[in-house]
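Dear colleague,

I am passing on to you the structure below, together with some notes on what I found in it. Please read the notes with the structure open beside them.

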Amino acid sequence: MHQEVIIHDIRRHGCDPADLRSELVSGLLETNSAKYIPSLLLWDEKGQGHFEAITSSHDYYPYRAELDLLNKESETIVETVESGTVIIELGAGNCKKSGVLLQALHRQKKSIAYFALDVAADSLNHSLSQMTRMLGNSKYISCQGLLGSYEDCMSLLEEEEQRLFRNHRPLFLWLGNSITNMAWETSVNSLRRLLQYPKSQLLASIDGNENTEAIQLAYDLPDGKIRRFVRNGLNHANRLLGEDVFSESDWDFESKFDAVAKEQRLYHVAKRDLSLKVDGNFLSIAKGEKIHAITSAKWTAVEVDQLCAAAGVVVKSTWIDPFDNFGCYMLQR
Ligand SMILES: C[S@@+](CC[C@H](N)C(=O)[O-])C[C@H]1O[C@@H](n2cnc3c(N)ncnc32)[C@H](O)[C@@H]1O
């Protein structure tokens, strides 16, 4: 039974089906670099379920390492968070990690308005009702949802800054190494935009693991959970295109670490020569050709400093897990 939760639909660009469809078509027709399917296609309701299954695998160390770090350090992390702060979590998922921080804020008797942003409405509703239940009837913490993309959220904040932040300091949570799923320049630009508000802070969790064997195992789990998660992107693509352009049996999966870029890249790989009909155009795909699905970068404190320098922000505090080198970084201008 779900508890009643308030979710504001802030979608305007980026994650509605029409926009996603046109980005999908341009990614498939790409001729200058590798073809791609927008990674947002992985995060429909089914994708959220697949990811939830991944998080329960012991070999998927990023989830475990981050949760352990937050459980250990939550009291210290939230010490600098003032009462009256508005917390916006980007890509909240199941809200379990932010739940650890909100419980610590509750114990510290700080008044917080928490907003969980994500793109899958039912999952967001489910996560928030669990969070509300877990916090009991906290008189300190209020929880609401924002249905939309990172871009929707950033544009809304830029337009309504005066109204939203006049009396409140914003804290953004960007957990789950999600800031590394995008191109470096996009991450830099997002940090710049999110930390433009007076006294704003951003807590980013970033995976700095340098053990390539552990990374490879985590991103190609022997039980096939990662494959199923990525493969679901093809089904979502078919739904958006309105026909079965991709047949699962034509595609393999590749998950490979690029040691120079420090990126784990996940691809669909054609098993045979294919001719796909996309929007009336015939698209030839040669056997072995790859379509990019998602990337997860591994940034240590060194790369995080470089990212911050490029965005004109600084790392105020750092918490690092000594086993997997997973870091939580409090950033500000
Ligand atoms: C790797 S999961 C992390 C979930 C959660 N923060 C955690 O650490 O367990 C990424 C989450 O971000 C959401 N997401 C991915 N891209 C997004 C975008 N462009 N805008 C909004 N949410 C996005 C996904 O739906 C998913 O719930």
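The domain assignment of the protein, which is automatic or comes from a database, gives domain 1 as 17-53 + 211-297 and domain 2 as 58-210 + 298-332. Please keep in mind that this is a predicted model, in which local features need pLDDT of at least 70 and side-chain atom pairs count only at pLDDT 80 or more, while totals for chains, interfaces and linings use all residues. Residues are numbered from 1 along each chain as its sequence is written.

The centres of the two domains, taken over C-alpha atoms, are 27 Å apart. Between them, 18 residues of domain 1 are in contact with 16 residues of domain 2, contact meaning that the C-beta atoms, placed from the backbone, lie within 7 Å. On the side of domain 1 that touches domain 2, the elements giving two or more residues are helix 2 (45-55), helix 8 (212-218) and strand 12 (290-297); helices (H or I, at least four residues) and strands (E, at least two) are DSSP runs, numbered from the N terminus.

Turning to strand 3 (residues 85-90), five of its six residues are buried, so the strand is largely enclosed by the rest of the structure; buried means that 20 or more other C-beta atoms, placed from the backbone, lie within 10 Å of the residue's own. Strand 3 runs parallel to strand 4 (residues 112-118), to which six bridges join it, and V86 stands opposite A113 in strand 4. Strand 3 also pairs in the parallel sense with strand 6 (residues 170-174) over four bridges, where pairing requires at least two bridges found by DSSP, and I88 stands opposite F172 in strand 6.

Best regards

Note on methods: Contact = placed C-beta atoms within 7 Å. Buried ≥ 20, exposed ≤ 12 C-beta atoms within 10 Å, placed from the backbone.
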